[in-house]
Structures are given as C-alpha cells and as structure tokens.
Amino acid sequence: MAMWNKVSSRAFLLNALMPVVRFIHPVHQMHSVLEAHLFHKCLDIVLQPFKGAARIGQMMSDPTGNLHHCFMPLAAYIVDTPEACMLACICGKTSLVTMASYKDFGNAFQHECHTGVRMLSQLSHIQCNPNDVKRYFTLCKDFRLSGIAEPFWQNWPLSDSANFLMPELLHHWYWAFWDHDVQWCMNPLGAPELDFHYSVLHPIVGMHHFKDGITALKQVTGRAQRDMQCYMVAVIAGAAS
C-alpha cells in the first residue's frame, strides 16, 4: 500500500476534479439530489471516451507490442456505501444489487437482482419533468430511487451498477466485522473474558498484539481489524456450542 500511494509510482491517474457548489433551493433535502445530478452529469462528460471504447472498441498494444481490438466496459467502481447508493441512483437503506429494502434485509431468501435495465425501466414509468426536481424526487420514492433521471452509466455498453459496484474493504469488511461480528462474539464470552483471551495471545512478528484487549479501543485501523479477524476464531473457540 505504501508503494501504491506514492505519486511517483503512477499506480493511480487523476482523471478529473469534480466541482464543489452550493445550491440555493429552498428545500434543503433537494441540495443532495442536485449534487447527485451534477456528479452524474460530470461523470457522463468525463467518461465519454471510455464509453466510445466500449461501443466501437480501441486498438491497444500488449506488453509485447501486438495490437488488439479492445473494448472497455466499466468493470469496477470502489466507493463507500453512501456514494455507491448515489451512483446506483437508489435511496439509502436499499440494497445495491437486489430489490430488497431495509425492511427485507432479514429475509431468508435472495431477492431479485436490481439491474440497470430494471432501474431504467422504472424511470421510464415516471411521468414528470426531471427539471421539476422536488416532484420528480417524490415520484421516484415509490420505486426507492433517488431522483436521478440520467445515470452516467446508462449509455455505457456492458456496464451495470449491479456488477461494477465493488465492496470497499475498510467499511464493508473491516468495519462490518468491528460493528457486528465482534459484538456477536462478545455475547457468549462477555467483554472482560474476550479482552483477557486477546491479551494472553503470544505476540507474533508482523501481527498486532492486543495486550489490553479490544473492547476499549477507540481508533482502530483496517490493519488492526484484519489482525483481530485472524485471531477471533481461536479466541472464541469453545465459548458456545
């Protein structure tokens, strides 16, 4: 990671800077909707060359100098959950990849996929001028959509928000473990016993040693949470049948 984050390594390439604006709409809730509209429009403009490469292809050379006719779908877009909802054009507390809302998250069956084609079909049934932001947003709520009329990926061949939105490691894995799994493991053991089990673990070179336990930690890095996960199975072994 230290190597990837170095500018001189050129592992990341800055493509565009997004504008930061202040809206004056009288309804404060509409400010975030307008901001999402602007973000999608900017992405639509900036990513036009890639969309063209996905439609008609682009001749590109491989490391040995051979030319290939390549196509460029949007394969992955890694963001946290609020921004992922904005890109998928759905309201909060709604699944990014299925038709489930927060009321259905505990269901024991898998809901239907929330594909881009289905979402565009839902938008086509909304009979309202998208420029009437407030009324359009109100009508979109029936489909649990966020009020974006033209997603940036709608004319990008072979690209679907249900496929290109990837889990973001820190929040979707590490923080999910810290917020949920640790609490579940604390139930059979109790906080003092869980801390004691972590504190007596033998230090290992390259791994974080939790000499005071984990339940009182305030600021936890992704690396520390990863090490907690490595120890957790051994720590709770035999605590519950």
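Predicted model: local features only at pLDDT ≥ 70, side-chain atom pairs only at ≥ 80, totals over all residues.

Me: What makes up the chain in terms of helices and strands, and in which order do the elements run?

Reply: There are 9 helices and 4 strands. Read from the N terminus, the order is α-α-β-β-β-α-α-α-α-β-α-α-α.

Me: How does the radius of gyration of the chain stand against that of a compact globule of 241 residues?

Reply: The chain has 23 Å, whereas a compact globule of 241 residues would have a value near 18 Å. Along the principal axes, the C-alpha atoms fill a box of roughly 60 × 55 × 40 Å. Buried residues account for 34% of the 241 residues.

Me: Why is Ile-56 called exposed?

Reply: Exposed means over 50% relative accessible area. Ile-56 has 64% relative accessibility, and therefore counts as exposed. Ile-56 belongs to helix H2, residues 48–56. Apart from neighbours within four places in sequence, Ile-56 is in contact with His-69 and Phe-71. Its C-alpha atom is separated by 8.9 Å from that of Cys-70, which is 14 residues apart from Ile-56 along the chain.

Me: Which residues of helix H5 are buried, and how do you know that they are on the same side of H5?

Reply: In H5 (residues 133–140), the buried residues are Val-133, Tyr-136, Phe-137 and Cys-140. They cover an arc of only 100 degrees around the axis, so they lie on the same side of H5. An α-helix has 3.6 residues a turn, and therefore residues three or four places apart point the same way. The buried residues of H5 pack against helix H1 (29–46) and helix H4 (116–124).

Me: Why is Lys-93 called exposed, while Arg-144 is called partly exposed?

Reply: The cut-offs are over 50% for exposed and under 20% for buried, with partly exposed in between. Lys-93 has a relative accessible area of 60%, so Lys-93 is exposed. Arg-144, at 27% relative accessibility, therefore counts as partly exposed.

Me: What phi do Lys-93 and Arg-144 have, and where do they lie?

Reply: Lys-93 is not a glycine, yet has a positive phi of about 60 degrees; Lys-93 is in the loop between helix H3 (81–88) and H4. Arg-144, also not a glycine, has a positive phi of about 60 degrees, and is found in the loop between H5 and helix H6 (161–164).

Methods
Residues numbered from 1 in each chain as written. Heavy atoms only, no water. Helix = DSSP H or I, 4+ residues; strand = E, 2+ residues; numbered from the N terminus. Rg over C-alpha atoms; globule rule 2.2 N^0.38 Å. Buried < 20%, exposed > 50% of the residue type's maximum accessible area, 1.4 Å probe, protein only. Arc of directions from axis to C-beta. Contact = heavy atoms within 4.5 Å.
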